[in-house]
Amino acid sequence: MSERKTKKLEEIVSRFIDYRGKTPTKTDSGVPLITAKIVKDGGLSPYTEYIADGSYNHWMTRGIPEKDDVIITTEAPLGEVALMPEGQVALAQRIIVMHTNPEECDSIYLKYFLQWKVGKQCVLNRQSGSTVFGIRSAELKKAQVSIHADIHEQKTIASLLYAIDKKIEVNRRINDNLEAMAQALYDYWFVQFDFPDENGRPYKSSGGKMVWNDKLKREIPAGWCAQPLFEVASVLYGYPFKTELFTDDASDLPVIRIRDIQENTFSAHSREPIHKKYLTQKGDLLIGMDGNFHLNYWHRDGDGVNQRVVRIRSCASTVSNIQLKLELTPYIKMREANVTRSTVGHLSDNDFKERYISVAAESLQFNPAKVLDALLDKMISLIAETQKLAKQRDFLLPLLMNGQVQVKPQGELNYHLSLRQVAGGRILPS
């Protein structure tokens, strides 16, 4: 077992930067702002808020963090961590940044230690508050952590976990590019109608005939039509799983709830028997019908769709699930934007029955659905690989931190447990 040392955070962190006070006015562009709500799962979600360039130097007078400093949230969600990215970004309130003493602790290692549930509990033990729980900088400094004593061992552990996370980041970036490509093709073919005609020229720009369509309230190419969503797709509302039968057993049926759609994860399982029609197929479009109307493609076969989640699956040869998502998104976003702060938004069966989809003529020289489906297949493959990598990281993290598994300098894993004991991501008896 590796030698460990128990230290207070203030003994291994050389600088704490605590951002307090009134955050500058938010803008639509400028310097990205890291807020507590985008710090989750050991990383940063896409930026949603910005401050003006001119406000940056005034707001960051408490200190400018360095790349790979450890970000930690100090109020709900409390104890979430991430690494400081490269480039100019600002940090909002409810965040502390820690710069480690490089002789005592590797910053990336500390981030993973605090991401581990045992490490996170070290921070949570210092929280206080009667109504809003949080942690002050002075209390965070006193949090005691038990870490690997050897700095080289810390770096080796951090390198392995960081390599997995970097691959996950690359996959997500590629998927973002594929989504952007799909959006561009959709706009070109189904909005501008400049798909290649029989001579390979852009249809509408080259004088292709356009006709008015009453259902879509716009002109579409001659030979195209508008069909109800229910005629070009299989639309199914989720099964009313009994929550009292939910389990934490990964061998039971995974249940997709609204909260799971955006991240392609699931937070519950069920032993309840259901009809196979409620099970997913790779590439299905899922939409949450309450609260935030999340839309996303699903990455696995055979998962159960819960009630208030609608599953949409193209059944027309010339319509792709990508087209369905992009045609439905403006309406869904409009419905979401019209929900008042005092009410919870709901989608109904009528919202989907009233939707019409533009259907390309079968006489086209190519099938746009096949092109878009090929992009979707690649996107789904990357999502599945990313989920597998995340599972691998989450499995290795506690084993590396508690010393059950060691990493040799060459990156080779040295198991204190046999490979048979850790097969399938579970600790099995010898």
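**Group meeting: a walk through the model**

Let me start at one residue. Setting aside neighbours within four places in sequence, Ala-222 is in contact with Tyr-203, Lys-209, Met-210 and Val-211. Contact here means heavy atoms within 4.5 Å.

Some ground rules. This is a predicted model, where local features need pLDDT of at least 70, side-chain atom pairs count only at pLDDT 80 or more, and totals for chains, interfaces and linings use all residues. Residues are numbered from 1 along each chain as its sequence is written, and side-chain values use heavy atoms, with hydrogens and water left out.

Back to Ala-222. Where does Ala-222 lie? In the loop between β14 (218–221) and β15. Strands are DSSP runs of E, at least two residues, and helices are runs of H or I, at least four, numbered from the N terminus. Ala-222 has 31% relative accessibility, so it counts as partly exposed. The cut-offs: buried is under 20% relative accessible area, exposed is over 50%, partly exposed is in between, with a 1.4 Å probe and protein chains only. Now take Thr-61. Ala-222 and Thr-61 are 161 residues apart in sequence, and 62 Å apart in space, C-alpha to C-alpha.

Next, β15 itself, residues 225–228. In a regular strand the side chains alternate between the two faces of the sheet. In β15, Ala-226 and Pro-228 point to one face and are buried. The partner is β24, residues 356–359, antiparallel, over four bridges. Two strands pair if DSSP finds at least two bridges between them. Ala-226 has Ser-358 of β24 as its bridge partner.

Axes are lines fitted to C-alpha atoms, for helices over the stretch in contact; angles run from 0 to 180 degrees between N-to-C directions.

Another open sheet of four strands runs β3-β7-β4-β10, with mixed pairing. β3 (26–27) and β10 (90–91) are at its edges with a single partner strand each, so one side of each has no neighbour in the sheet. β4, residues 31–34, runs parallel to β10, joined by two bridges. Leu-33 has Ala-90 of β10 as its bridge partner.

Now helix packing. α9 (residues 321–337) and α11 (residues 368–401) pack at about 90°, axes 8 Å apart. That makes α9 roughly perpendicular to α11, a label for 65 to 115 degrees; under 35 is roughly parallel, over 145 roughly antiparallel, the rest oblique. α6 (residues 151–191) meets α9 at about 75°, with axes 10 Å apart. Which residues of α6 make the contact? Glu-179, Ala-182, Gln-183, Tyr-186 and Phe-190.

Last, the rings. Tyr-186 and Phe-190 join Phe-193, Phe-195, Tyr-203 and Trp-224 in a cluster linked by ring pairs. Rings of Phe, Tyr and Trp (its six-membered ring) pair if their centres lie within 6.5 Å; planes under 30 degrees apart are stacked, over 60 edge-to-face, the rest tilted. The whole structure has twelve aromatic pairs. And Tyr-203 is one of the contacts of Ala-222, back where we began.
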